[in-house]
Amino acid sequence: MEFKGIDVSKWQGTINWNEAKKSGVKFAIIREGWGKKSPSQVDKKFRYNYENAKDAGIPIGVYHYSYADSAEDAKREAEFCLENIRNMQIEYPVCFDIEDREMLKLSNRQRTDIVTAFCSEVEKAGYYAMFYCNLNWLNNYLIKEELLPKYDLWLANWSAVKLPLECGIWQKSDKGIVNGIGGNVDIDISYKNYPEIIKLKGLNGFAKSNVSNAIKKEIYFNYIVKKGDTLWSLSQRYLGSGSKYKEIQVLNALNSDTIYVGQTLRIPK
């Protein structure tokens, strides 16, 4: 299972998210901010990117760029991040971006504790935490044996044809070209259906879904949408009640009630 995505910040300017979706973008990780609480350290395009990506039907996650020099600093950064995303529904993880050169003066122990502190605060607040770094940082500047069992990894590895280890998301290039974005943009591949996982668990601003055991056990069949089909009619036909349409919506990680002719949907058996 692979999903093509991008990660963006104010440096991509004003993005036409509808054009980005038409070009095949299935998700976006948006920079929310950096460092500790300050009005000047919220990404200037964060609110625009969040609202317009959602309007275009693109699931989003967020990332926070860190300057923390202690675990306590990282907790304050997490509080700032959580404040900025309050009352938002986010289908992909809340990601901690550790790569700043100033952090190289710290020890591997300190840097690892910083990642843990941020991600722990995010999880305690009911969000799905992930950390971002490149392969050099993972192998040489962090204690990966502690982090990888606990948190999903968003790995930057631009030169790789094949990944050297498993990760949740692979940032495969910083030279991507996507319609609706001027200049280059980072290209990412997600190996998990994060919207489905997050919604089923009731994380990231979503209420825990009252889906059936059939959905949780992935007992379903694939259905090709035909002209005249709606989620309500499919729910009525296969689940016995049109009011159960949200089970189909959640199983397919749909952000709206709209479906399209030719679209493949998973229908609970």
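A: Happy to; below we chat about a pocket, some strands and some aromatic rings. One thing to keep in mind is that this is a predicted model.

Q: Good to know. What volume does the largest pocket have?
A: The largest pocket comes to about 840 Å³. It is lined by 25 residues, and the closest to its centre are Lys26, Asn252, Ala253, Leu254 and Gln263.

Q: Which elements give two or more residues to that lining?
A: Those are helix 2 (46-55) and strand 10 (264-268). Strand 10 supplies the largest share, with three residues.

Q: And how does the lining split by class?
A: There are twelve nonpolar residues, eight polar ones and five charged ones.

Q: Switching topic: why is strand 5 largely enclosed by the rest of the structure?
A: Strand 5 covers residues 129-134, and five of its six residues are buried, so the rest of the structure largely encloses it.

Q: Which sense does its pairing with strand 4 take, parallel or antiparallel?
A: Parallel: strand 4 (residues 94-97) and strand 5 pair over four bridges. Valine 94 sits opposite alanine 129 of strand 5. Between the two strands the chain passes through helix 4 (residues 108-124), and this β-α-β crossover is right-handed.

Q: How many bridges join strand 5 to strand 6?
A: Five, and strand 6 (residues 152-156) runs parallel to strand 5. In this pairing, tyrosine 132 stands opposite tryptophan 154 of strand 6.

Q: Where do phenylalanine 27 and tyrosine 92 lie?
A: Phenylalanine 27 is in strand 2 (residues 27-34), while tyrosine 92 is in the loop between helix 3 (71-84) and strand 4, so the pair ties together parts that are 65 residues apart in sequence. Phenylalanine 27 is buried at 0% relative accessibility, and tyrosine 92 is buried too, at 1%.

Q: Last one: which residues do ring pairs link into a cluster?
A: That cluster consists of Phe27, Tyr92, Tyr128 and Tyr194.

Conventions. Residues numbered from 1 in each chain as written. Predicted model: local features only at pLDDT ≥ 70, side-chain atom pairs only at ≥ 80, totals over all residues. Heavy atoms only, no water. 1 Å grid on protein atoms, 1.4 Å probe; cavity = no way out; pocket = protein on both sides within 12 Å on 5 of 7 lines; lining within 4 Å. Points joined across faces, edges and corners; volume = space filled by probe spheres on them. Nonpolar A, V, L, I, M, F, W, Y, C, P; charged D, E, K, R; others polar. Buried < 20%, exposed > 50% of the residue type's maximum accessible area, 1.4 Å probe, protein only. Pairing = 2+ DSSP bridges. Right-handed = clockwise from strand over helix to strand, strands pointing away. Phe/Tyr/Trp six-rings, centres within 6.5 Å; stacked < 30°, edge-to-face > 60°.
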